[in-house]
Amino acid sequence: RKVRAMPKLALAVSAACHVILAARVHTGSGSDQPDFVPLLRSAKRRWSAAVRVVVADAGYDSEQHHRIARQQMKVRSIIPAAIGRPSSKPPRGRYRRLMRQRFARKADRKHYGQRAQSETVNSMMKRNFGDALRSVKPQRREKEMLLRAMAHNIMLL
């Protein structure tokens with residue numbers, strides 16, 4: 001029961017200024033992968049000039065995410081290829097193979113290092129607003145998390 005009621009907040013963050021470009025909230029456990037495309041679309045729609053490169057951790061790795069980002073949205077995607085167990089075989093997809101090659105030669109080190117800025121935003125929000133939600137109902141918790149994201153952006157302005 002506690003796992004089902006766990007609130008989740010997924011953020012798209014500008015590494016340069018810590019502004020939250022897009023946010024998605026839901027309740028429950030599970031993968032964060034379903035949040036990738038809606039977050040990217042929302043951030044691109046609202047801040048089209050600011051979104052040129054998207055960096056995500058291996059939990060968001062999929063050929064489909066790379067294809068949508070690069071071909072449909074014209075955004076360079078940097079997501080390390082996640083492979084369940086060590087293997088000498090390259091990943092199957094074109095973009096996942098490219099990521100494996102680029103990470104092996106550390107070509108994207110500068111951009112991928114900026115991924116930590118999203119953790120900085122999470123830390124800033126917890127420090128400023130606390131790490132506990134006051135709301136009891138799941139719908140209200142979701143609204144409270146979105147309100148905190150908006151308040152974070154207002155505080156930065």
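# Notebook: a helix, its core and a few lysines

**Starting with helix α1.** I looked up what the buried residues of α1 pack against, and I found β1, β2, β3 (53-55) and α2. This is a predicted model, so I keep that in mind with every entry. Which residues of α1 are the buried ones? I noted Phe-36, Val-37, Leu-39, Leu-40, Ser-42 and Ala-43.

**The overall layout.** Next I stepped back to the whole protein. I counted six helices and four strands in its secondary structure. Reading from the N terminus, I wrote the order down as β-β-α-β-α-β-α-α-α-α. I then looked up the radius of gyration, which is 17 Å. The globule rule gives 15 Å for 157 residues, and the two values are close, so the protein is as compact as a globular protein of that length. For the C-alpha trace I noted a span of about 50 × 40 × 25 Å along the principal axes.

How much of the protein is buried? I found that buried residues make up 34% of the 157 residues. The accessible surface comes to about 10,400 Å², and carbon and sulfur atoms hold 52% of that surface. I also checked contacts with a separation of 6 or more, and 52% of them join residues 24 or more positions apart.

**The largest core.** A friendly reminder to myself: in soluble globular proteins, nonpolar side chains tend to be buried together. I looked for such a group here, and the largest nonpolar core has 19 residues. The residues with the most contacts inside this core are Ala-12, Leu-21, Phe-36, Leu-40, Ala-43, Val-51 and Val-54. Which elements give two or more residues to this core? I listed β1 (7-13), β2 (20-27), α1 (36-46) and α2 (63-72). Helix α1 provides the largest share, five residues.

**A closer look at Leu-21.** I left aside the neighbours within four places in sequence and listed what else Leu-21 contacts. The list holds Ala-12, Val-13, Ser-14, Ala-43, Arg-46, Trp-47 and Val-51.

**Lys-44.** Back to α1, where Lys-44 lies. Its relative accessible area is 21%, and the cut-off for buried is under 20%, so I wrote down Lys-44 as partly exposed. Not counting residues up to four places away in sequence, Lys-44 touches Val-51, Met-73 and Val-75. I also checked Lys-44 against Arg-140: they are 96 residues apart in sequence and 27 Å apart in space, C-alpha to C-alpha.

**Two lysines with positive phi.** Where does Lys-74 sit? I found Lys-74 in the loop between α2 and β4 (76-78). The phi of Lys-74 is near 60°, a positive value in a residue other than glycine. Lys-74 is exposed, with a relative accessible area of 64%. Then I turned to Lys-106, which is in the loop between α3 (94-104) and α4 (109-113). Lys-106 is not a glycine, yet its phi is positive, about 60°. Is Lys-106 buried or exposed? I noted a relative accessible area of 52%, and exposed means over 50%, so Lys-106 counts as exposed.

**Charges, to finish.** I looked up the charges of the protein and found 35 positive and 10 negative.

Key: Residues are numbered from 1 along each chain as its sequence is written. This is a predicted model: local features need pLDDT of at least 70, side-chain atom pairs count only at pLDDT 80 or more; totals for chains, interfaces and linings use all residues. Side-chain values use heavy atoms; hydrogens and water are left out. The radius of gyration is taken over C-alpha atoms; the globule rule is 2.2 Å times the number of residues to the power 0.38. Buried means under 20% relative accessible area, exposed over 50%, partly exposed in between (1.4 Å probe, protein chains only). Contact means heavy atoms within 4.5 Å. Accessible areas come from the Shrake-Rupley method with a 1.4 Å probe; for residues, only the protein chains shown count as cover. Lys and Arg count as positive and Asp and Glu as negative; His and the chain ends are not counted. The place of a charge is taken as NZ of Lys, CZ of Arg, CG of Asp or CD of Glu. A nonpolar core is a set of buried Ala, Val, Leu, Ile, Met, Phe, Trp, Tyr and Cys residues joined through side-chain atoms within 4.5 Å.
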